[in-house]
Amino acid sequence: MRAVEVQEYGGPEVLKVVETEVPRPGPGQVSVDVAYTGVNFADLKARSEGYRVPSLPFVPGLEVSGRVREIGAGVSDGLTVGQEVVALTAGGAYADVAVADAVTVFPLPEGIDLRTAATLPTVLPTAYALVHTVGRLQPGETILVQGAAGGIGTVVGQLARAAGAGAVYGVVSGAAKAEFARGYGYDEVFVGEFEAPVRVATGGRGVDLALDPVGGDTLRAGLASLATYGRLVSFGNASSAAPWQVGQPELYPGALSVSGFSILTLAQTDPAALRALTERAFATVVAGVVSLPVTGEFGLEEAAEAHRVMGARTSVGKLLLRVG
């Protein structure tokens with residue numbers, strides 16, 4: 001079978017298509033004939049700096065849609081060979097066949113095709129957790145979202161609007177992205193610097209909830225943009241800045257709260273909680289609450305080009321690899 005390997009860390013050019021053996025599922029696992037694979041920023045960090053890479057060579061990729069190929073011993077979740085599914089993987093999704101723990105394999109949601117389904121496993125549960133489970137957005141509250149035009153950002157905007165947010169503010173890196181984001185629930189989108197504009201937009205009050213996947217200075221500016229009793233959720237470190245620290249001097253004056261979310265970590269520490277979260281999140285797509293825009297599709301052999309596009313920070317929505 002074909003797989004895209006990282007044999008050394010570096011730029012998109014280190015992604016190499018190789019022929020390799022078909023992986024077999026172990027106990028509690030399922031193998032999937034891959035139809036589509038989602039491209040995530042975590043894949044770029046794995047390729048360039050070894051983020052969550054146990055050893056080289058490594059096949060990146062965290063989410064797939066496709067059909068069950070083989071079921072490992074001890075799987076009793078009602079999955080059947082040939083069944084259409086979506087799956088969250090611990091890696092290995094840039095391939096014709098991927099293996100996932102059965103607890104992170106889900107039947108294809110009703111009315112969703114395999115192409116759209118490949119956008120679901122990481123983006124939708126993450127967005128749902130940020131708005132509801134961790135962020136706990138209440139009707140009438142205001143929310144500030146970094147990366148508003150990306151896959152997670154577009155879903156968060158829709159979920160926040162459906163939850164009755166008083167105002168939904170986004171932050172992007174360019175004017176074209178701002179225009180795109182406005183179509184997905186955002187009242188106002190700031191380009192670049194946002195701390196002062198947020199204060200102006202909220203009459204000096206700040207926002208109730210800020211969501212940050214960037215880290216570093218951006219996280220600190222988000223914290224400074226909160227209203228009294230405001231909450232910040234960190235869900236990534238795209239800036240690769242040093243790990244942030246926050247304590248009494250930052251939190252006490254405004255009675256602020258900071259929390260974190262990582263879908264990959266939750267999959268490792270509490271897969272049952274992840275499964276419950278994912279089922280609630282998938283229901284929002286079936287109900288038509290959110291749509292997931294696929295804005296770029298590449299062949300498996302074009303994985304390097306997909307990484308170049310995402311790495312240029314000009315892409316919007318979700319990028320996919322077409323595999324099967």
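The chain exposes about 13,300 Å², of which carbon and sulfur atoms supply 52%. Accessible areas were computed by the Shrake-Rupley method with a 1.4 Å probe, and for residues only the protein chains shown count as cover. The model is predicted: local features need pLDDT of at least 70, side-chain atom pairs count only at pLDDT 80 or more, and totals for chains, interfaces and linings use all residues. Residues are numbered from 1 along each chain as its sequence is written, and side-chain values use heavy atoms, with hydrogens and water left out.

The secondary structure comes to 11 helices and 15 strands. Helices (H or I, at least four residues) and strands (E, at least two) are DSSP runs, numbered from the N terminus. The radius of gyration of the chain is 19 Å, close to the 20 Å that the globule rule gives for 324 residues, so the chain is as compact as a globular protein of that length. This radius is taken over C-alpha atoms, and the rule is 2.2 Å times the number of residues to the power 0.38. Along its principal axes, the C-alpha trace spans about 60 × 40 × 35 Å.

Of the 324 residues in the chain, 55% are buried. Buried means under 20% relative accessible area, exposed over 50%, and partly exposed in between (1.4 Å probe, protein chains only). Among contacts with a separation of 6 or more, 69% join residues 24 or more positions apart. Contact means heavy atoms within 4.5 Å. The chain carries 23 positive and 32 negative charges, and their mean positions are 3 Å apart. Lys and Arg count as positive and Asp and Glu as negative, while His and the chain ends are not counted. Each charge is placed at NZ of Lys, CZ of Arg, CG of Asp or CD of Glu.

Helix H11 spans residues 303–311, and its buried residues include Ala303, Ala304, Ala306, His307 and Met310. They cover an arc of only 160 degrees around the axis, which puts them on the same side of H11. The arc is that of the directions from the helix axis to the C-beta atoms. Several elements cover these residues. Strands E1 (2–6), E2 (15–19) and E3 (29–39) are among them, as are helix H1 (41–49) and strands E14 (294–299) and E15 (318–322). Just after H11, arginine 313 takes a positive phi of about 60 degrees.

Helix H7 (residues 216–224) has Gly216, Leu219, Ala221, Gly222 and Leu223 as its buried residues. Their cover includes helix H6 (195–201), strand E11 (207–212), strand E12, helix H8 (248–251) and strand E13 (257–260). Glutamate 195 lies in H6. This glutamate is partly exposed, at 32% relative accessible area. Beyond four places in sequence, glutamate 195 touches Ala221, Ala224 and Ser225.

Strand E12 covers residues 226–234 and holds alanine 227. Alanine 227 is buried, at 2% relative accessibility. Leaving aside residues up to four places away in sequence, alanine 227 touches Arg205, Gly206, Val207, Asp208, Gly254 and Leu256. Alanine 227 and glycine 254 are 27 residues apart in sequence and 7.1 Å apart in space, C-alpha to C-alpha. Tyrosine 229 is also placed in E12. Tyrosine 229 is exposed, with a relative accessible area of 63%.

Leucine 130 belongs to helix H3 (residues 120–133). Its relative accessible area is 0%, so leucine 130 is buried. Beyond four places in sequence, leucine 130 touches Gly135, Arg136, Ile152, Val156, Leu209, Leu211, Val233, Phe235 and Phe261. Arginine 199 lies 69 residues from leucine 130 along the chain, and their C-alpha atoms are separated by 22 Å.

Backbone geometry was also examined. Most residues other than glycine have a negative phi, and most peptide bonds are trans. Tyrosine 229 has a positive phi, near 70 degrees. Alanine 255 likewise has a positive phi, of about 55 degrees, although it is not a glycine. Alanine 255 sits in the loop between H8 and E13. At 35% relative accessible area, alanine 255 is partly exposed. A cis peptide bond joins leucine 56 and proline 57, with omega of about -5 degrees. Proline 57 lies in the loop between H1 and strand E4 (63–71).
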